[in-house]
Amino acid sequence: MDIKNKSLREAYALLENTTPLGRNDCGSVCDAYCCSDALGDSMELFPCEKEIFETLEGFEVIDGEIPTVKCNGTCEREARPLACRIYPLFPLVVYENGAERIRVIYDPRATASCPLCAHKAKLDRRFVRAVRRAGKYLIRDEQTAAHLRKTSEYLTELIELEVKLGL
Ligand code: SF4
Ligand code: SF4
């Protein structure tokens, strides 16, 4: 894959071989729900990913304020978008002591589809670390940082709403 954005390239590389449960395939417990479910769903693309997936066979890019991509339920591991590489986690941007930091959280959007997320399972430390480091790379680049901050604001609001509703 030709990834021109350096931060995105680093994030892809970090998450190339890590998985939520390490050597155990979490897809075996849920029949790879996130991939089969993705047949009718689409994943948000980070900046600079759109041009990559527009030319990749098996993917359909849907343009919009935030472009998304649909797959056909299977893919080459090295051709997964970043949303799939970090799923079901997200590197949330938080402000602590006047500085931006990355806090890895379970993505609240994954609660309905991922049993690991629904049960807040303890995940492989290398995977969690890789998501955190990927977030640190993404925040170094203006374009990817803007996307990360915007999504972090949205997810923070979503989490606060869930707490208020007692979900
Ligand atoms: S839905 Fe969750 S447990 Fe199932 S394959 Fe996807 S990440 Fe793994
Ligand atoms: S792109 Fe690959 S990893 Fe992502 S949902 Fe589709 S089949 Fe699953």
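How many residues does the hairpin that joins E2 to E3 run through? Please tell me about the surroundings of that hairpin too.

Modeller: Happy to! Please keep in mind that this is a predicted model. The hairpin you ask about leads from E2 to E3 through five residues. Strand E2 covers residues 59-62, and strand E3 covers residues 68-71. These two strands run antiparallel and are joined by four bridges. If you look for Phe59, you will find Cys71 of E3 opposite.

E3 has another partner as well. Strand E1, residues 43-44, pairs with E3 through two bridges, again in the antiparallel sense. There, Met43 stands opposite Val69 of E3.

Now turn to the two faces of E3. Val69 and Cys71 make up the covered face, while Thr68 and Lys70 belong to the uncovered one. Val69, on that covered face, is the residue across from Met43, and Cys71, also on the covered face, is the one across from Phe59.

While you have the model open, here is a helix pair to visit. Helix H1 (residues 6-14) packs against helix H7 (residues 125-138) at an angle of about 175°, and their axes are 8 Å apart. Because angles over 145 degrees count as such, H1 is roughly antiparallel to H7. H1 contributes Ser7, Glu10, Ala11 and Leu14 to the contact, and H7 contributes Ala130, Arg133, Ala134, Tyr137 and Leu138. Sorted by class, six of the residues in this contact are nonpolar, one is polar and two are charged.

Note on methods
Residues are numbered from 1 along each chain as its sequence is written. Chains are lettered from A and ligands numbered from 1 in the order in which they are written. This is a predicted model: local features need pLDDT of at least 70, side-chain atom pairs count only at pLDDT 80 or more; totals for chains, interfaces and linings use all residues. A residue is buried if 20 or more other C-beta atoms lie within 10 Å of its own, exposed if 12 or fewer, and partly exposed in between; C-beta atoms are placed from the backbone. Two strands pair if DSSP finds at least two bridges between them. Axes are lines fitted to C-alpha atoms, for helices over the stretch in contact, and angles run from 0 to 180 degrees between N-to-C directions. Angles under 35 degrees count as roughly parallel, over 145 as roughly antiparallel, 65 to 115 as roughly perpendicular and the rest as oblique. Two residues are in contact if their C-beta atoms, placed from the backbone, lie within 7 Å. Ala, Val, Leu, Ile, Met, Phe, Trp, Tyr, Cys and Pro count as nonpolar, Asp, Glu, Lys and Arg as charged, and the others, Gly among them, as polar.
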